[in-house]
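Here is a short report on one protein chain. Please read it alongside the sequence and the model.

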Amino acid sequence: MRLNDALVTFFSFDGKEYAIDLAFDNVLDVFDVLEDKTLRMYEKAEICLELLLGKQFKGANAVELWNHIYEQYIYVKNEQPVMYDLKGNPLPVQPEDEKEKMIDLEQDAEYIFASFKQAYNMNLYEQQGKLHWHEFQALLNGLPSDTIMKRIIEIRAWKPSKGESQEYKEAMRKLQKVYALNDSEEVD
């Protein structure tokens, strides 16, 4: 996201111009389609294109077009800044696919809603069809630490460390079980 670029509502691909609906709720519908294990990849691409572009697309070109849209406009890379050790050597960066998942847009929906309401006085239901996906992502990533979603992320990311009391560790483990993502493993 660049603040001096307009939010994407049109794009060009293979010499053709397309209007695209990247409202956050529309993109969430796309994620639902992508999670559907009964659909083949080309079917997912065709359905996602219809959701985003409002037109039906078939064939190999549909998959190419879908891949372009996903990579350019939907997938948000969270690039980490390069960290250096005391000698000035760059520290290794954990690859994106190895990072532990801290949020699930579906499972955490009520916490996200409450956090947006608390932090921005924004009702996400009223923003359906209006709030762009990139705006939604920026606001979600920028939630203040006093919101429920940020607190849950802190709980999920917590690792025991020296100096913490046994009671605190037990309390945090219980909270991690309460707020665990359905597909995550428990912390020992």
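This is a predicted model: local features need pLDDT of at least 70, side-chain atom pairs count only at pLDDT 80 or more; totals for chains, interfaces and linings use all residues.

Residues are numbered from 1 along each chain as its sequence is written, and side-chain values use heavy atoms, with hydrogens and water left out.

The chain has seven helices and two strands. These are DSSP runs: H or I over at least four residues for helices, E over at least two for strands, numbered from the N terminus. Their order along the sequence is β-β-α-α-α-α-α-α-α. Contact means heavy atoms within 4.5 Å. Of the contacts between residues at least 6 apart in sequence, 52% join residues at least 24 apart.

Of the 188 residues, 29% are buried. Buried means under 20% relative accessible area, exposed over 50%, and partly exposed in between (1.4 Å probe, protein chains only).

Two residues show the scale:

| Residue | Relative accessible area | Class |
|---|---|---|
| Asp183 | 58% | exposed |
| Gln118 | 45% | partly exposed |

Asp183 sits in the segment after helix H7 (166-178). Gln118 belongs to helix H4 (residues 109-120). What does Gln118 touch, not counting residues up to four places away in sequence? The partners are Asp146, Thr147 and Ile148. Gln118 and Ile148 are 30 residues apart in sequence, yet their C-alpha atoms are 9.0 Å apart in space.
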